[in-house]
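Have a go at each before you read the worked solution.

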Amino acid sequence: MKTNPIIRSLVELGGLFLPRVCGGCDRGLRQFEESLCSHCVADLPRTRFHDDPRNRVEELFRGKAQLASASAFLHFSRTGMVQRMLHRIKYHHDQQLALELGRRMAEDIKESPRFSSVDVLLPVPLHPRKERMRGYNQSQLLVDGMRQAWPVDDLGRGLVRVVRTPSQTKRNRLDRWQNVKEAFHLPDAAPLKDRHVLIVDDVVTTGATLEGCVLVLREVPGIRVSVYTAACA
Ligand SMILES: [Zn+2]
C-alpha cells in the first residue's frame, strides 16, 4: 500500500487533534492508558509459548532451520483484536502502538530461561523501497519497544533485504524456500559472532521469511539464533 509522505504527515498531524482510541477495540482511551485500553490489555490472547520447547512456532522450523528457541507473543485471528492492532501498526502509522506492543512482548519473555541469554535483537528488514513508502519498519519499532523493558543490544539494519520477494503463490515449495533465502544479506558478520541473536517480526505464518533470515545468520561463527514474533497465525 503506497502512502504519499505529505499525506502521511497530514494524517499524523490530524491525529494530534483527534480523541485517542484503543488500537485493539477503538474505544476511547483514558488518560492513564497508552495505546491499548485496560480491557484489551487484560484480554490479550497470549500464547504462553515461551517455556514450551514443542510450541507451534518451534514446530514450524523443526528440520528446516536450527534454532535455539522460538515463540510468539499472541494468537492471531483474522477478525480479532490482534489483527486490528497489526493493521493499525502497518497501515495507519500507529507507531506508539508498536512501541507498547514491543514492550509487552519483552516483558513476556525476558525472564524465560529459554530466552534469558539473548543479547542482541535483530528486526526482520523490509525492502528499502517498502520502508521508504511506509516511513518505518514495523519490526524495528517492536525492537525499539522491547528495548524499553529489556536492556539488550539492537543490531538495527544489520541484516539487509536485497530483492523484493515476488508473488509466491504459484511457485512450488522448493523454489519458495530458495527465494526467501536469497532475499537477505548480512554485510558484516563480526558484531554477531558468538552471540545469541533474537530475530523479531510482527507475525509468523509459514515461517518462510524468518527461515530466510536464519539461513543467512547460520554462517556466523558461534552464533545462536532464536525467533520471536508479536503474533502467530
Ligand atoms: Zn481496547
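A residue is called buried if 20 or more other C-beta atoms lie within 10 Å of its own, and exposed if 12 or fewer do. Keep in mind that this is a predicted model.

**Exercise 1.** Work out how far helix α9 (residues 208–217) is enclosed by the rest of the structure.

*Solution.* Start by listing the buried residues of α9: L210, E211, G212, C213, V214, V216 and L217. That's seven of the ten residues in the helix, so α9 is largely enclosed by the rest of the structure.

**Exercise 2.** Find the buried residues of helix α4 (residues 81–91), then work out how they sit around the axis.

*Solution.* First, pick out the buried ones: M81, V82, M85, L86, R88 and I89. Next, look down the axis: these residues cover an arc of only 155°, which puts them on the same side of α4. Now turn to the face pointing away from that buried side, where you'll find the exposed residues H87 and Y91. Then check what covers the buried residues of α4: the list includes α2 (38–43), β1 (70–75), α5 (95–109), α7 (138–149), β6 (196–204) and β7 (224–232). Last, step past the end of the helix: α4 is followed by H93, which has a positive phi, near 55°.

**Exercise 3.** Decide whether E111 counts as buried or exposed.

*Solution.* Locate E111 in the loop between α5 and β2 (120–123). Count its C-beta neighbours inside 10 Å: there are 11, so E111 counts as exposed. To finish, look across to W150: it's 39 residues away from E111 along the chain, yet their C-alpha atoms are separated by 9.9 Å.

Conventions. Residues numbered from 1 in each chain as written. Predicted model: local features only at pLDDT ≥ 70, side-chain atom pairs only at ≥ 80, totals over all residues. Helix = DSSP H or I, 4+ residues; strand = E, 2+ residues; numbered from the N terminus. Arc of directions from axis to C-beta. Contact = placed C-beta atoms within 7 Å.
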